[in-house]
Amino acid sequence: LIDIAAEEPDFSIDLCVACMEVDWNRNGDVDDRDRALLEVELDQDGERYAEGDPRRRPVFRFDHGDVLWAGAFVSFQRAFLNLISAWDLDGLAPIFRGRESGDIVLKLTHPERVALAREEILKGLSLSGKSRMAYLAETDDEREWLPNPSQKNHPLPMPVDKALYDTWGSMVADLERIVRAQDGLSVKELAQLGDHQWHDAPGGYLNIGEMLENPADIVINLE
């Protein structure tokens with residue numbers, strides 16, 4: 001359905017996403033947590049809407065750009081599911097049993113799923129870039145799900161400006177180069193992102209693209 005709608009530039013549909021009765025937490029019942037999941041809780045000033053305030057459940061007009069955005073979201077979800085099911089995660093069991101030394105080995109059992117994940121990531125990045133361009137091309141301003149910098153008719157408490165869209169475009173381009181093994185991630189810089197600051201951080205680069213193209217068993221040394 002998303003692929004069909006994506007081919008229709010004039011597509012639009014009005015939808016209240018927070019009004020859908022869905023058992024999101026999969027506990028067998030549509031409860032208050034399910035009903036609140038997609039509600040807009042805060043206004044643009046950060047103030048909380050009262051329970052029952054109709055502004056918590058706005059009706060959005062989804063159009064061409066939103067369909068492309070949804071397609072990217074679905075592709076990234078498919079990539080994630082393929083990746084976590086490609087390796088035998090039973091190899092993590094020793095960690096949960098308190099093991100603190102030696103190697104943890106995750107066996108690659110479905111390499112074809114890694115290839116599918118790579119395809120879905122690239123498809124998602126392409127759709128994300130296309131949705132960005134579609135949003136920027138919009139001239140209407142009608143109950144927007146994700147507005148461009150000139151659109152003001154949207155209920156979400158989020159500032160949207162040119163800098164945000166520029167960052168979006170740069171991130172899509174950077175991630176595509178990483179997935180295609182044209183760029184890498186600095187291990188030294190990644191190591192310093194956590195709370196622990198290394199005095200002599202490990203060097204080298206992570207070649208994510210190579211890992212996706214030629215996957216193998218994952219070996220983690222706990223020391």
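Tutor: First, the ground rules. This is a predicted model, where local features need pLDDT of at least 70, side-chain atom pairs count only at pLDDT 80 or more, and totals for chains, interfaces and linings use all residues. Residues are numbered from 1 along each chain as its sequence is written, and side-chain values use heavy atoms, with hydrogens and water left out.

Student: How is a pair of aromatic rings described?

Tutor: By the distance of the centres and the angle of the planes. Rings of Phe, Tyr and Trp (its six-membered ring) pair if their centres lie within 6.5 Å; planes under 30 degrees apart are stacked, over 60 edge-to-face, and the rest tilted.

Student: Are phenylalanine 60 and phenylalanine 62 buried or exposed?

Tutor: Buried means under 20% relative accessible area, exposed over 50%, and partly exposed in between (1.4 Å probe, protein chains only). Phenylalanine 60 has 2% relative accessibility, so it counts as buried. Phenylalanine 62 is buried too, at 13%.

Student: Why is the pair of phenylalanine 60 and tryptophan 145 called edge-to-face?

Tutor: Because the planes of the two rings stand at 80°, with the centres 4.9 Å apart. Now place the partners. Helices (H or I, at least four residues) and strands (E, at least two) are DSSP runs, numbered from the N terminus. Phenylalanine 60 is in strand S2 (residues 60-63), while tryptophan 145 is in the loop between helix H5 (111-137) and helix H6 (162-179), so the pair ties together parts 85 residues apart in sequence.

Student: Which residues do ring pairs link into a cluster?

Tutor: Phe60, Phe62, Trp69, Phe73 and Trp145.

Student: Which cysteines does a disulfide join?

Tutor: A disulfide is a pair of cysteine sulfur atoms within 2.5 Å. The structure holds one. Here cysteine 16 is joined to cysteine 19, S to S 2.1 Å. The link is right-handed, with 70° about the S-S bond. Cysteine 16 is buried at 12% relative accessibility, whereas cysteine 19 is partly exposed at 38%.

Student: What classes of residue make up the lining of the second largest pocket?

Tutor: Ala, Val, Leu, Ile, Met, Phe, Trp, Tyr, Cys and Pro count as nonpolar, Asp, Glu, Lys and Arg as charged, and the others, Gly among them, as polar. This lining has 14 nonpolar, one polar and one charged residues.
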